[in-house]
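Please look over the fold before reading on.

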Amino acid sequence: MDRIYVEEDDKAIYVELKLLLEANGYEVVTAPPCELALIDINLDGASGFEICRSIRKQHSFPIIFLTARTENRDELMGFALGADDYIRKPYDSSVLLARMARLLKKREETVLKKKGLTLRLDTLRVSKDGKEAELTKNEARILSLLMKKDVSAKDEIISYMWDDSLYIDSSTLYVNLNRLRGKLREVGADDCIVNIRGVGYKL
């Protein structure tokens, strides 16, 4: 069940949102961790903009501003701070749910999990048991292929990594694999990539 963080100080609207979300299979939470956030801009205390800015320092989950503010400059500010969508009140329930579903589906496509590892392709970070390491684009692509397949042949990885594979030799792949292994050791995934002689590699 996806968790939706709702930041709304109008009690009637909060209750309305909570009922709508729960009726559609979501769990409403009052703080991260979550899979998506719905944030009003006009709040008591910190503004929605400040909350969005704070969230983006630590998290990459989708953020939708749900607000009565209609000026274009507010919408532009929201996107500049890292919001993924901006919906004006009064909102249409079916449109809100559709936009949430689109963002959640997109997020699923950027997060891979296997053997205790979590790879976030949007931020190029791998984590395990609370430990996290940043990957290069090549390292992330290699790991994503290994997470999607049971076994990946050497030539298959090279073709997946580099379109012009005729000019890439095995040593280039080995360098990237060794660097990736080093990053995985940083998060406690020692010997995670297994070399199957004459076949390829697997997690």
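1. Basis. This is a predicted model, where local features need pLDDT of at least 70, side-chain atom pairs count only at pLDDT 80 or more, and totals for chains, interfaces and linings use all residues. Residues are numbered from 1 along each chain as its sequence is written, and side-chain values use heavy atoms, leaving out hydrogens and water.

2. Sheet. Five strands form an open sheet in the order E2-E1-E3-E4-E5, with parallel pairing. Strands are DSSP runs of E, at least two residues; helices are runs of H or I, at least four; both are numbered from the N terminus. Pairing takes at least two DSSP bridges. E2 (27-29) and E5 (85-88) are the edge strands, each pairing on one side only. Twist averages 25° from one strand to the next; angles run from 0 to 180 degrees between N-to-C directions, with axes fitted to C-alpha atoms, for helices over the stretch in contact.

3. Helices on the sheet. H2 (residues 48-56) touches E1 (3-7), E3 (36-39) and E4. Contact means heavy atoms within 4.5 Å. The direction of H2 makes about 175° with that of E4. H4 (residues 93-109) touches E1, E3, E4 and E5, and its direction makes about 175° with that of E5.

4. Helix pair. H1 (residues 11-23) packs on H4 at about 60°, axes 12 Å apart. That makes H1 oblique to H4, oblique being what is left after under 35 degrees (roughly parallel), over 145 (roughly antiparallel) and 65 to 115 (roughly perpendicular). Leu17, Leu20 and Leu21 in H1 meet Ser93, Leu96, Leu97 and Met100 in H4.
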